[in-house]
Amino acid sequence: MQRREFLTFLMAAGAIRSRGEAPASPIHFTYRPIDFQLDSCETPERHAPETMAGGVGLFDYNNDGHLDIFFANGADIHSLIKTSPKYSNRLFENDGKGNFRDVTEKAGLAGAGFSNGVAVGDYDNDGNLDLFVGGVHANHLYHNNGDGTFTDVTEKAGLVTHDSEFGPLWSVGGAWLDVNNDGLLDLFVLNYFAWDVGTEPPCYVQPGVRDYCHPKFYKTTPNQLFLNNGDGTFRDVSVEWGLRAHPGKGMGVGVADYDLDGWLDLFVTNDTMCNWLFHNKGGGKFEEVAFEAGVALTANGQFISGMGVDFRDIDNDGLPDIAFVALNYQTFPLFRNLGGGFDDVTVSSGMARLSQQMAGYSPTLADFDNDGWKDLFVTGGHVEGVSRPDMPMDQHNTVFQNLGGFKFRALTAEAGLAAEARKRHRGSAVGDLNGDGKLDVVTSALSAPAEIWINDSPGENHWLAFKLQGTKSNRDGIGARIKVVAGELTQYNHVAFTTGYASSSAGPTHFGLGPHKTADRVEIHWPSGIVQELKNVAADRTVTIVEGAGFK
């Protein structure tokens, strides 16, 4: 073959590119529409809940091996009642190829009230994933009956949404976790501020033009912790566990055992006030240690609009780190876990510069290019309902590629995320929708069509995903820590379904393996204390691991 013919062959194969042609982005998504539009009943009065809706859940509701999509939706803002079908929550069933059909009515999940966020977990360990739907002055617990339908069991479960001191509570979401390691999932309910449509103050950006008020105009409310009694009921232990003593304006909650002491901890972002880090001491007690741990405020000491959060190991050292997002000029903070506390690495990682002009709502740490390093996907959009020259309310989503630890670069147009119009994006959930081993994303947006972003990143990196089934631990394996060693690559993750803003990603726990076709060693540390070790696990598949009984 002559040299010119050889070069032509290489260009056709994609091995080299013509002069001036941009290299392919290592992470790329293709937009796919879905027949849902979030309706939060936006009005010229700009009532606060109108800008806060939009939780998304990815979970396998019928145990067919495919991830289905749930969208939380709004209601009439004055009555907080779903007075029209346009306010219906929606459930879409996946055919396994990334195609979806609406099964809401059959499943019984149209909902009631103004729904804000969703948390997924199997609270009764029957093998079927249940839904907690948090909302404005009313929450709902839907039990999965195992036959494609759900039953609202809120009243039976005893999930109270009214506080004797603070009044009706507004939940933006929640998290399922086993706080006492008894094998039963407990429920943490994340509450925002006190709000009443009749007494809300008017806030103007210019004469005659109202916008959403700053959080300083509203009072704080406490978060709640409901302990699972094991009989389908829960009891509120917020006082005795030490949570009610710390009212706030919660926007995001992350779940991880940050100090590896065997007890799951909680990080809560608050809107324009200090964050909370609730350290689980065991024995029925949390202590709030955000200042001591260095995560109450960012390095500049200013209050920011902390939005959604993810709490996972970013630099593959085995310690869960913290990533959350905020508004324009506040940047997207990153805290590195040092073992005894955290260090704000927002500037040194490059994230401060990259996110300076962005407003984010829902961040999720996941390996989108399967290179063994977790990237950060952020839904873009401002809280405000009126655009300003320096703060557009409509923004694109962005993915920040992890270059190997705490070094990132932003990919928006390069990743295909500018293919759809700018919007006020809200919730997001991540999972493999079409079974190709690449993690896809589903996002919601205010008064605009939802989005499915199919991951079609180039490259032939390998992957493994783990679906855990607890026997002594909770059925979902929430809280289990997983270590994967493949060649020179060692990485960590843990099972936690609550991520981002008001959303749940309840798929198998995913690991990119880079060029490796086999994981040399896999270690699972279960909440019960059982440790399993697997060797020579073949890549490019989802592996089901039963606690204490091997894998298949």
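Predicted model: local features only at pLDDT ≥ 70, side-chain atom pairs only at ≥ 80, totals over all residues.

Tutor: Residues are numbered from 1 along each chain as its sequence is written, and side-chain values use heavy atoms, with hydrogens and water left out.

Student: Which cysteines form a disulfide?
Tutor: A disulfide is called when two cysteine sulfur atoms lie within 2.5 Å. The structure holds one disulfide. Its sulfur atoms are 2.0 Å apart, and the pair is Cys-203 and Cys-213.

Student: Where in the chain do Cys-203 and Cys-213 sit, and how many residues apart are they?
Tutor: Strands here are DSSP runs of E, at least two residues long, numbered from the N terminus. The link of Cys-203 and Cys-213 is right-handed, with 105 degrees about the S-S bond. It joins distant parts of the chain: Cys-203 is in the loop between β13 (186-191) and β14 (204-206), and Cys-213 is in the loop between β15 (209-210) and β16 (224-228), ten residues apart.

Student: Is Cys-203 buried or exposed?
Tutor: Buried means under 20% relative accessible area, exposed over 50%, and partly exposed in between, with a 1.4 Å probe and protein chains only. The relative accessibility of Cys-203 is 13%, so the residue counts as buried.

Student: Which strand gives the largest share of the lining of the largest pocket?
Tutor: A pocket is an open set of points on a 1 Å grid over the protein atoms alone, with protein on both sides within 12 Å along at least five of seven lines; lining residues have an atom within 4 Å of a point. The largest pocket holds about 870 Å³, and of its 46 lining residues, Leu-67, Ala-506, Gly-507, Pro-508 and Thr-509 are closest to the centre. Several strands supply at least two residues each, including β26 (360-366) and β38 (509-514). The largest share, six residues, comes from β33.

Student: How many charged residues are in the lining of the second largest pocket?
Tutor: Asp, Glu, Lys and Arg count as charged; Ala, Val, Leu, Ile, Met, Phe, Trp, Tyr, Cys and Pro as nonpolar; and the others, Gly among them, as polar. The second largest pocket has a volume of about 390 Å³, and His-214, Pro-215, Leu-327, Val-383 and Glu-384 lie nearest its centre among 24 lining residues. Its lining has 13 nonpolar and seven polar residues, and the charged ones number four.

Student: Which elements give two or more residues to the lining of the largest cavity?
Tutor: A cavity is a set of grid points where a 1.4 Å probe fits but cannot get out. Points are joined across faces, edges and corners, and a volume is the space filled by probe spheres set on them. The largest cavity has a volume of about 70 Å³, and among its lining residues are Val-118, Leu-190 and Met-251. The elements are β12 (171-177) and β18 (250-256).

Conventions: Helix = DSSP H or I, 4+ residues; strand = E, 2+ residues; numbered from the N terminus.
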